Amino acid sequence: MYSCINLHFTDFCNYHCKHCFVKKENYELSFDELKTIVDKIQKYFNANNIKGRINLAGGEPLMSRNIDKLIEYISSKNIDVSIITNGYYLDDEFIERHINQISTIGISVDSLDYDTNIKIGRCFKANVLSKEQLIHLCNKIRKSGIKLKINTCISKLNINENFNDFIYEVKPDRYKILQMSCDESDIRNRNNVVTDEEVKTFLSRIDYKYIYENAEEMKHSYIIIDSEGNIATDNSHASNISIFNYELEDAIQLLNVDYKNYIKRYV
Ligand code: SF4
């Protein structure tokens, strides 16, 4: 059974990371569509007696004008809400507003260095979240009782960076490191993919407890509903299985989910 559904409900993002796997089609589900999807997910969780979670992702979920009411709606259905954000629009007020509604806030942090962030594309115009701003947000999240997750995607652009000081300072409940993946056809970004050996060296420098997912393990091991309402194991917009035409249970049966790696992620 699947207890976490990733709702990539918007493609919009203010960043343009080189490793981004979101096909920027600039779709976003309407609030009515989102309510229908949440109801279907609730039905699936209830039928299977699961205390489930919806992970809100994008794109950048905080760019959506529906974000507050979406969180409220999911929470009112007694479903856990987590969110993964690049942090740019995250502020104290958002965290305070959702103290009793969000169980985990994940922030993607791929570098603490201005120039590296610019090279990766983790910037809005020339603006980058500073280390101090990130530390402030992380402390605010932890003090509010919401769990903190940090995601770091490693590529040739940040492979030599040492995150230990930052991670020790913010003490995330979960620190996830992902290997950058890239389509064979993506000639522009292929050179930024790190080898398993390089990853090993990177991981050997980390003192903090972490979870690592390599590019292979990530393939087909998510359940994603994308910004067009299609269900898939990735966010490539290649699926045409519309959640609006199926019950969630039936739609999942049509996917080829790598259950072993799915379970490994959520234990
Ligand atoms: S912040 Fe996330 S969604 Fe936005 S461009 Fe970067 S990887 Fe893609």
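Reader: Let's take Lys125: is this residue buried or exposed, and where is its place in the chain?

Author: Happy to! In this predicted model, Lys125 has a relative accessible area of 67%. The cut-off for exposed is over 50%, so Lys125 counts as exposed. Its place is in the loop between α4 (114-120) and α5 (131-143). The backbone deserves a glance too: phi of Lys125 is near 55 degrees, which is a positive value in a residue other than glycine.

Asn49 is exposed, with a relative accessible area of 73%, and is found in the loop between α1 and β2. While you are looking at backbone angles, go on to Gly58 and Gly59, which are joined by a cis peptide bond with omega at about 15 degrees. Gly59 belongs to the loop between β2 (53-57) and α2 (67-76).

For a loop residue with another setting, turn to His19, in the loop between β1 and α1 (31-47). The relative accessible area of His19 is 16%, so this residue is buried. The side chains of His19 and Asp110 make a polar contact at 3.2 Å. Leaving aside neighbours within four places in sequence, His19 is in contact with Asp110, Ile120, Cys153 and Met180.

Now for the strands. Strand β5 (residues 147-154) pairs with β6 in the parallel sense, over 6 bridges, and Thr152 stands opposite Ile177 in β6. Together, β5, α6 and β6 make a right-handed β-α-β unit. Strand β6 also runs parallel to β7, and 3 bridges join these two; there, Leu178 has Glu213 in β7 as its bridge partner. Of the 6 residues of β6 (residues 174-179), 5 are buried, so this strand is largely enclosed by the rest of the structure.

The rings bring in other parts of the chain. The structure holds 11 aromatic pairs. One of them is formed by Tyr2 and Tyr262, edge-to-face, at 4.7 Å centre to centre with 75 degrees between the planes. This pair links distant parts of the chain, 260 residues apart: Tyr2 sits in the segment before β1 (4-8), and Tyr262 in helix α11 (residues 259-266). Both Tyr2 and Tyr262 are buried. The rings of Tyr168 and Tyr208 have centres 5.4 Å apart and planes at 85 degrees, so this pair is edge-to-face too. Because Tyr168 lies in helix α6 (residues 164-170) and Tyr208 in the loop between α8 (196-204) and β7 (211-213), the pair ties together parts that are 40 residues apart in sequence. Tyr168 is partly exposed, with a relative accessible area of 42%, whereas Tyr208 is buried at 16%. Ring pairs also link Tyr2, Tyr259, Tyr262 and Tyr266 into a cluster.

Finally, two charged side chains sit over rings. Lys69 lies over the face of Phe31, at 4.6 Å from the ring centre. Arg265 lies over the face of Tyr222, at 3.5 Å from the ring centre.

Conventions:
Residues numbered from 1 in each chain as written. Predicted model: local features only at pLDDT ≥ 70, side-chain atom pairs only at ≥ 80, totals over all residues. Heavy atoms only, no water. Phe/Tyr/Trp six-rings, centres within 6.5 Å; stacked < 30°, edge-to-face > 60°. Helix = DSSP H or I, 4+ residues; strand = E, 2+ residues; numbered from the N terminus. Buried < 20%, exposed > 50% of the residue type's maximum accessible area, 1.4 Å probe, protein only. Lys NZ or Arg CZ within 6 Å of the ring centre and 35° of its normal. Polar contact = N/O pair within 3.5 Å; in protein donor to acceptor, adjacent residues only side chain to side chain. Contact = heavy atoms within 4.5 Å. Pairing = 2+ DSSP bridges. Right-handed = clockwise from strand over helix to strand, strands pointing away.
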